[in-house]
Amino acid sequence: MHSNASTDSLACVSAEMGGQALIKRFLSSRRASTDLLQGLSAEDCQSQSMDDASPTKWHLAHVTWFYEVMVLKPLEADFQFWCAPFAVLFNSYYNIVGDKHPRPKRGLLTRPTLQEVLAWRQNIDDRIVKLLEQSPSERLHWMVELGINHEEQHQELIQTDLQHLFFNNALYPACRNTTPDIAPSPPGVQWIAADAGIQAIGHPGPSFCFDNEGPVHNQLIQPCYLRNTLVTNAEWMAFVEDGAYQQSLWWLDEGWGWVQREKIQAPLYWLKTNAHTAFEQFSLHGLQPLNAHEAVRNISYFEAEAYARWASVHLPGHENARLPTEFEWESLARNKSALLHDLFGAVWQWTSSAYTAYPGYRPWSGLAGEYNGKFMVNQFVLRGSSAFTTHAHSRVSYRNFFPSHARWQLTGLRLAKDPS
Ligand SMILES: [Fe+2]
């Protein structure tokens, strides 16, 4: 039985959440996006640093487009577009909805202005609240719940995309206060044994989850261990200083090609301002000394995989180290969370699992059908959550996914190992 079908979520939303509570959550999630504008100029919100990243202004508009096209258009009685061409400009990837402005050219959209986008947001907010008050329905509640979760995902992207934008500026600007955004990992490595055998994987409901988190199904977990701590910057420094980025034996062939082609020598935001200084790390807090005890971040799948191979040879106690499968990660996180540090809120953790559908998976019906399913190719699953992730998304079944070379997200790793 497909536990994540929208009908299940519908029942949950209507049973657990009154309309007023949903309105409150809706408005709070909308405010959380505009709160991210603090410390930014209109110019900061306009620029696009690469094809994969989007301007802050585009994110703010796109999550609003989602409500206008996916929620108001089908459900509002006297629906009219605020500005009809926005339906094309701020469509991300929904072919069923129609044409899209090319992704690499989002930074060229100097119009509408940031102020116009904020005015549009206000209009859509008012109309969603009015609809929730005057015409509540299970379908409306579920679509707003999806809209909230969708906007929260974009709040994370706003921050990772800004970080990439500012890194491309030799001023290395800081737009946040100086509090470190990732707490140092506790010292002392321990290996936590998995409960080997058949384990249930996936979100059992009834609370909200994305379609790719289900259905619940069985996976065979082989005897293995998961490390209680994330790999730290200090540990990664040993990998760098050992010359691992210059040695092909640690790398998948495609990864080695990537390292050479892109001249990769360290995690994305590690920087030496001259050859004789120590590494610093760039973040939204600006350029700061590399904190040895923090979890390493902004590494690709290729780097995570190479590190596991290197660690299995070089680090005491790490014999047979490898990346965990997403099922091992979920099973251990579900059963032994008290023993595992930083499962959530520090860095996303690469797994060796290809991002693909669980047995029995069906995409959502209707307009949201393109949300996740069509991306199930050529990507790897990451588990946990990062310092940029909305706290409410911290759940053991959550599946993030990126291609093997991507590293502008807050991506790190937690090692597994086989019994010796
Ligand atoms: Fe989106």
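Visitor: Let's start with the open sheet of 3 strands. What is its strand order, and how do the strands pair?

Guide: The general idea is that strands of a sheet pair through backbone hydrogen bonds, either parallel or antiparallel. In this predicted model, the open sheet of 3 strands runs β5-β6-β7, and the pairing is antiparallel. The edges are taken by β5 (270-271) and β7, each pairing on one side only.

Visitor: How many bridges hold β5 to β6, and how many join β6 to β7?

Guide: Between β5 and β6 there are 2 bridges, in the antiparallel sense. For a landmark there, look at W270, which stands opposite Q281 in β6. Strand β6 (residues 280-283) is joined to β7 (residues 286-289) by 4 bridges, again antiparallel. One of the pairs to pick out is F282 with its bridge partner L287 in β7. The link from β6 to β7 is a hairpin through 2 residues.

Visitor: And the open sheet of 4 strands: what is the order there?

Guide: Read it as β11-β10-β9-β12, with mixed pairing. The edge strands are β11 (400-402) and β12 (411-412); each has a single partner strand, so one side of each is left without a neighbour in the sheet. Strand β10 (residues 380-384) pairs with β11 in the antiparallel sense over 3 bridges, and L382 faces N400 of β11 across that pairing.

Visitor: Which way should I expect side chains to point along a strand like these?

Guide: In a regular strand the side chains alternate between the two faces of the sheet.

Visitor: On to the nonpolar cores. Which residues touch the most other members of the largest one?

Guide: That core has 51 residues, and V231, A304, Y307 and L413 touch the most other members. At least two residues each come from β4 (225-227), α8 (233-241), α10 (301-314), α11 (326-335), β9 (348-354), β10 and β11. Helix α10 gives the most, with 8 residues. Apart from this core lies another, of 28 residues, including M70, V117, W142 and V144.

Visitor: What does L413 touch?

Guide: Leaving out residues up to four places away in sequence, L413 touches L230, V231, I299, A304, Y307, L323, Q349 and W350.

Visitor: Which residues of α8 are buried, and where do they sit around the helix?

Guide: The buried ones are N233, E235, W236 and F239. Looking down the axis of α8, you find them within an arc of 155°, so they line one face of the helix. Part of what covers them is α10. Just after α8, G243 takes a positive phi of about 85°.

Visitor: How do I read the packing of α4 and α7?

Guide: Two packed helices are described by the angle between their axes and the distance between the axes. Here, the axes of α4 (residues 56-75) and α7 (residues 138-167) come within 9 Å and cross at roughly 170°. That makes the two helices roughly antiparallel. Among the contact residues are H59, F66, M70 and L75 of α4 and L140, V144, H154 and L162 of α7.

Terms used:
Residues numbered from 1 in each chain as written. Predicted model: local features only at pLDDT ≥ 70, side-chain atom pairs only at ≥ 80, totals over all residues. Pairing = 2+ DSSP bridges. Core = buried A, V, L, I, M, F, W, Y, C linked by C-beta atoms within 7 Å. Buried ≥ 20, exposed ≤ 12 C-beta atoms within 10 Å, placed from the backbone. Contact = placed C-beta atoms within 7 Å. Arc of directions from axis to C-beta. Axes fitted to C-alpha atoms, helices over the stretch in contact; angles between N-to-C directions. Parallel < 35°, antiparallel > 145°, perpendicular 65-115°, else oblique.
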